[in-house]
Amino acid sequence: MFSVTCIAPVNIAIVKYWGKRHEELILPINDSISMTLGTNELCAKTTIAASEGFQHNRMWLNDDELPVEEDSRLMRCLKGVQRLALANGSQKVSLSWKVHIASRNNFPTAAGLASSAAGYACLVYSLARLYGVPINEELTTIARQGSGSACRSLYGGFVQWHRGALEDGSDSVAKPVVSAQHWPNMHVLILVVNDERKKTSSTKGMQRSVTTSQLIQHRVDKIVPERTANLRKAIEARDFPSFAEITMKDSNQFHAIALDTYPPCVYMNDVSHAIVDFVHSYNETIGEVQAAYTFDAGPNACIYVLKENVAKLLAAVQKVFPNDATESVEYLRGITVSDTVEKHPAFNGTLNVQPKNLLKYIIHTKVGDGPCQLSDDDSLLTNGLPLSH
Ligand code: DP6
């Protein structure tokens with residue numbers, strides 16, 4: 001038996017991918033740009049074992065076994081990496097052997113926290129390591145076929161997924177924009193509003209938007225090309241205010257398109273909208289744009305903020321969103337903020353204090369180096385799952 005264990009990062013889109021021009025190949029209608037997050041706080045971990053003795057391909061996600069259908073995204077990724085292995089003549093492990101795959105996230109699955117991105121990136125990367133396939137741009141075309149956003153999780157830093165123009169999708173690839181070292185003080189606070197599964201999956205929601213939204217084509221033709229170019233410039237210049245404005249406007253536009261979908265897709269809730277109001281009032285009070293929200297297909301907020309401004313922002317979040325659990329280690333997760341400002345005088349009377357306990361917890365993370373990597377910890381093999389027999 002051969003086995004590998006790998007970890008992969010989460011990425012959060014700044015210019016959102018929303019809509020496909022090919023469902024099976026997962027070819028997007030527009031480019032997207034994301035930031036990869038640190039793996040200490042958020043990652044997927046996958047162990048894959050291959051053996052002559054295995055009867056079937058099997059898969060466990062967060063300890064529950066899932067059926068492996070022949071036409072599933074998982075099988076498309078498996079066959080895709082096997083094709084690359086054949087083409088490269090790199091066959092460390094026989095392609096006829098069945099595989100057992102176990103994957104786990106250290107964060108809530110399907111809560112709009114990009115779990116499928118990390119999960120499929122980890123799957124495809126682990127398969128590449130298992131079969132000895134080179135880790136390169138071509139691999140992003142396979143990850144894309146697991147979940148579109150997954151192709152961006154193969155790299156660290158800021159990443160652009162180019163929509164491509166070819167019918168076979170070979171030019172629909174993810175490429176790094178800049179590495180994490182370029183803007184190492186870019187931090188993120190994830191305000192977890194609700195970690196239950198979302199009502200309409202991204203896959204279904206975007207299908208419905210493509211067929212019913214009258215706004216989406218304008219976004220594709222006009223807005224996204226301008227925004228991606230301007231966002232790249234802002235990132236290259238480390239210009240936070242421009243970065244922040246593009247980030248917030250794109251999040252708002254994505255949710256406007258979700259609402260323009262018929263029947264509408266409602267991903268944000270009242271707490272999400274209270275967070276939007278809070279961030280705008282906060283920036284206004286400070287007199288400078290120091291925080292930028294973005295929401296994926298769920299109610300949780302990711303707030304981009306530079307490291308030097310994290311403590312101040314966190315103090316304001318704690319004040320506006322009071323919580324009985326504030327003191328518990330479970331409430332504030334991730335990178336420690338040692339110098340939390342208890343009360344920022346500038347906020348007195350200017351920010352609307354919300355009812356208690358609207359947030360479940362907060363994760364503090366930052367831009368991650370990525371990339372996916374091998375891990376020594378193969379505990380998924382020994383934690384009772386029948387991975388090895
Ligand atoms: C709102 O990548 O989850 O997070 O390709 O159908 O699996 P599928 O969709 P998925 O969609 C992500 C949508 C988004 C925006 C983004 O990550 O760019």
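**Close-up 1. Gln-253 and its neighbours.** Gln-253 touches Arg-219, Ile-223 and Arg-227, leaving aside residues up to four places away in sequence; contact means heavy atoms within 4.5 Å. This is a predicted model: local features need pLDDT of at least 70, side-chain atom pairs count only at pLDDT 80 or more, and totals for chains, interfaces and linings use all residues. Residues are numbered from 1 along each chain as its sequence is written, and side-chain values use heavy atoms, without hydrogens and water. Gln-253 sits in helix α6; helices (H or I, at least four residues) and strands (E, at least two) are DSSP runs, numbered from the N terminus. Gln-253 counts as buried because its relative accessibility is 18%. Buried means under 20% relative accessible area, exposed over 50%, partly exposed in between (1.4 Å probe, protein chains only). The side chains of Gln-253 and Arg-219 form a polar contact at 2.8 Å. Such a contact is a pair of N or O atoms within 3.5 Å; within protein, one must be able to donate a hydrogen and the other to accept it, and residues adjacent in sequence count only if both atoms are side-chain atoms.

**Close-up 2. Asn-269 in a loop.** Asn-269 lies between α6 (240–260) and α7 (270–286). Its relative accessible area is 26%, so Asn-269 is partly exposed. The Asn-269 side chain reaches the backbone nitrogen of Val-271 at 3.0 Å. Asn-269 also touches Val-193 and Pro-299, not counting residues up to four places away in sequence.

Close-up 3. The ligand is surrounded by 18 residues, each with a heavy atom within 4 Å of it. The closest are Tyr-17, Lys-20, Arg-73, Ser-147 and Ser-149. Helix α4 (residues 202–212) gives the largest share of the shell, 3 residues. A ligand oxygen lies 2.6 Å from a polar side-chain atom of Ser-149. For the side chain of Thr-203, an N or O atom is 2.8 Å from a ligand oxygen. Taken alone, the ligand exposes 460 Å², and the protein buries 94% of that; areas come from the Shrake-Rupley method with a 1.4 Å probe, and for residues only the protein chains shown count as cover.

**Close-up 4. Phe-243 in the largest nonpolar core.** This core has 118 residues. A nonpolar core is a set of buried Ala, Val, Leu, Ile, Met, Phe, Trp, Tyr and Cys residues joined through side-chain atoms within 4.5 Å. Tyr-131, Phe-158, Phe-243 and Ile-275 touch the most other members. Among the residues that Phe-243 touches, not counting those up to four places away in sequence, are Ile-14, Phe-158, Trp-183 and Tyr-304.
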